[in-house]
Amino acid sequence: MVDVLERPAAAGGDAHDDHVGHGDDGHHEEHHAVHGLLNWLTTTDHKVIGMSYLVTSVLMLVIGGAFAMMIRAQLATPDGTLVNLAQYNQLFTMHGSVMIYLFAGPFAFGGLANYLIPIQIGAPDMAFPRLNALSYWLYLTGSITMLLGFATAGGPANFGWVGYAPLSDAINAPGAGADLWIGALMLTGFSAIFTGVNLVATIFYLRAPGMTMFRMPIFTWNMLVVGILILIAFPVLTAGLVMLFADRHFGTHIYTVGPNFYTISGHLYHQAAGGVPVLWQHIFWFWGHPEVYILALPFFGMVTEIIPVFSRKPLFGYKGMVFATMAIAALSVGVWAHHMFTTGVVLLPFFSFMTYLISIPTGIKFFNWIGTMWGGQITYSAAMLFSIGFLLTFLIGGITGIILASPPLDFFTHDTYFVVAHFHSVVMALVIGGMAGMYFWCPKITGRFFNERLGKLQFWLLFIGSMVFVGPGYLLGLKGMPRRMAVYVLNPEWQHLNELSTVGAYLIAISTLVFVVNVIVMWRSPKIAGPNPWDANGLEWFTTSPPPHHNFYSLPNIRSERPTWDYNHPDAPALHHDDHDPTHVPGNKVEAMA
Amino acid sequence: MKVESRLLLWLGVFVGILAIVYLIWSGEYGGGVMLVGTCLLGLFPGLYYAFWHKRMGHRPEDTEEAMIPDGAGVVGTFPGSSIWPFVLGMGSWLMVMALVFGTWFAVPGIALIVVALAGGTAESRRGGEQH
């Protein structure tokens, strides 16, 4: 069944009074008489696919979080016996893999972006709906494949989420668990590539009239840049995985050093074969560092949408935000080997300098977020609290990242808990930012509000828990505690800091339970949200909550990056980015808008 | 399409400069090749969009003064529902299972992929007429 969608030819009026039709709205629902499981299996609706991504990725967050709780329980005492050494290797590998590959990215670019991008730009769906559905099925099967490792005799992969050669070769990591890990990443890799294609094509080709590139919501801008980064990075990883699999099973020596045995006409021959183990690190991190921004930029975009709404001001420095995002993305392809300083075979000044450069556009973003809040009428809703929590937590991760960009300091802290703490500051910021997005857009997606009190309770538990969880890690790293060690019987003085970190981790787990309770409360005692409960800015707030099939019954004319706000506030002064508009000065806008 | 093409062209040019500096300075080819590939990934589609921008001019979505009805006409053809992405996904999954657990998984895997590709193509051909 296919819908051929047309835009209406009828003329509209001004931004306030034209409320013109968009799409053949009268009969959309008729095409989807199928319900239940069959509807889920056959859907190509970006909203259903986005919801599927959200639910699956949150489930992965819970699974990955459960692994984290086991790790922290093990480390609470110097001689923990919850798991043995081999199981500990599997636990931290699967914790990292599930969180990075199956939660953080898919939640953002598969879940919220899938749901929101077409609506934010006034489109009826993603550009390639069936490809979009295929992306989800590859992601789901990839997730199942990775977790299937637990059902194999040797257990799941155990070489860390980075899969370094030669730890990941057939000798050091035999068994199906490692192959399932590789296969899972191939599936999720293709899933991500297809999503990247869809994001870029949708944003380039399906914007509503008047929605110029520099009127797109910042979240859409960030997802466009993420889509491009996905297309740069993920094919490299997927190709690298194919070569890793070939090394393990087909006798190639791309990453491994050793003799190559082969037969010709029944005769066994061998020749010296010299692979380069560090090549895997080059390939992995050429994906891995853009991946950091593939993970982070969506959440930057989310809080950039939220902060202006709850500060009652337009975004301070819209174009600055856009160019900062582009700069971060461009620079991120030239910093991969800062993860490899201690290998001794990389160009230290080049990668150190490039890494330092990234802090400039990131600093611009922080300046603009603060500028947006400055002088605003701030409402401390749950979404806003999560957004501020994101800024603070990410700031800590960013600053410690600058420390690690310095080769001498990196040599000192490499493979210690300092790196673990830095990385977890960043990813906990993403979790907090993701929750901001959930609380902000949930009324749009479900038509219902979360309970604000429970949301604020969840925020404080999550925020304090994150600080208590990661803070001791920095100190442990400086004291010399290596990462990926299951016991530390020779250094019992590390116990108190580890106990503190474990308490923090369990606070985070409790915050997750509060979130689950909030979902149940929202489900069983619905508090209905209207189309625009926050008096927000983007086109997604112009349509019903939840939006209809193909998203819009009508659209306003688009005259700025805040079309819905413009429509609802026709007397407010227009935004002109090219002018030196005094209303853009922090503190002035409130009066101008009043 | 002007902004779109410039975005990609600037990316290509920036990474191209980066590739030259990196290759000359480090002499390391693994990273150098990946940077050159990224440069081309920016330049090729960027030039493609620039070509189409020159041919098409501004679209309603590129025009600040455009009204919603300026985009009147067919937006696109969107499949209402389709089982084939699911079938193709399951076929791909079985192919990965074949890599791990044994080639016999490839038999149903290839069958599903072929059926899905044929079904999806046929659906596309007849779909527009059903509306």
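Two residues are taken to be in contact here if their C-beta atoms, placed from the backbone, lie within 7 Å. Helices (H or I, at least four residues) and strands (E, at least two) are DSSP runs, numbered from the N terminus.

This is a predicted model, in which local features need pLDDT of at least 70 and side-chain atom pairs count only at pLDDT 80 or more, while totals for chains, interfaces and linings use all residues. Residues are numbered from 1 along each chain as its sequence is written, and chains are lettered from A and ligands numbered from 1 in the order in which they are written.

1. **Helices 7 and 10 of chain A.** I'd start with this pair. A:Phe299, A:Val303, A:Ile306, A:Ile307 and A:Phe310 of helix 7 of chain A touch A:Ala383, A:Met384, A:Ser387, A:Phe390 and A:Leu391 of helix 10 of chain A. Sorted by class, that contact has 9 nonpolar, 1 polar and no charged residues. (Ala, Val, Leu, Ile, Met, Phe, Trp, Tyr, Cys and Pro count as nonpolar, Asp, Glu, Lys and Arg as charged, and the others, Gly among them, as polar.)

2. **How that pair crosses.** Helix 7 (residues 277–311) and helix 10 (residues 382–404) of chain A pack at about 130°, and their axes are 9 Å apart. Axes are lines fitted to C-alpha atoms, for helices over the stretch in contact, and angles run from 0 to 180 degrees between N-to-C directions. The two helices are therefore oblique to each other; under 35 degrees would be roughly parallel, over 145 roughly antiparallel, 65 to 115 roughly perpendicular, and the rest is oblique. Helix 7 of chain A passes helix 10 of chain A in a left-handed crossing, left-handed meaning that the near helix is turned anticlockwise from the far one by less than a right angle, and right-handed that it is turned clockwise.

3. **Helices 3 and 6 of chain A.** Here is another pair to look at. Helix 3 (residues 85–120) and helix 6 (residues 218–249) of chain A pack at an angle of about 125°, with 10 Å between their axes, and are therefore oblique to each other. Their crossing is left-handed. On the helix 3 side of chain A we have A:Phe109, A:Ala113, A:Leu116, A:Ile117 and A:Gln120, facing A:Phe219, A:Thr220, A:Met223, A:Val226 and A:Ile230 of helix 6 of chain A. That contact splits into 8 nonpolar, 2 polar and no charged residues.

4. **Chain A as a whole.** Chain A has 16 helices and 5 strands. Of its 594 residues, 56% are buried, which takes 20 or more other C-beta atoms within 10 Å of a residue's own; 12 or fewer is exposed, and in between is partly exposed, with C-beta atoms placed from the backbone. Among contacts in chain A with a separation of 6 or more, 80% join residues 24 or more positions apart.

5. **Backbone spots to check in chain A.** Most residues other than glycine have a negative phi, and most peptide bonds are trans. The bond from A:Ala165 to A:Pro166 is cis, with omega near 5°, and A:Pro166 sits in the loop between helix 4 (129–148) and helix 5 (176–205) of chain A. Also cis is the bond from A:Ser545 to A:Pro546, with omega near -10°; A:Pro546 is in the loop between helix 14 (495–524) and strand 5 (554–555) of chain A.

6. **Two arginines.** A:Arg312, in the loop between helix 7 and helix 8 (318–332) of chain A, has a positive phi near 55°. With 15 C-beta neighbours inside 10 Å, A:Arg312 counts as partly exposed. A:Arg484 has a positive phi near 60° and belongs to the loop between helix 13 (452–479) and helix 14 of chain A. A:Arg484 is partly exposed too, with 14 other C-beta atoms within 10 Å.

7. **Where the chains meet.** The contact draws 53 residues from chain B and 60 residues from chain A. On the chain B side, helix 3 of chain B gives the largest share, 11 residues. The residues on that side come to 29 nonpolar, 19 polar and 5 charged.

8. **Helix 3 of chain B and what follows.** Helix 3 (residues 84–101) of chain B has 18 residues and spans 25 Å from its first C-alpha to its last, close to the 26 Å expected at 1.5 Å times one less than its number of residues. Of those 18 residues, 14 are buried, so helix 3 of chain B is largely enclosed by the rest of the structure. Just after this helix, B:Gly102 has a positive phi of about 145°. B:Trp104 lies in the loop between helix 3 and helix 4 of chain B and is exposed, with 11 other C-beta atoms within 10 Å.
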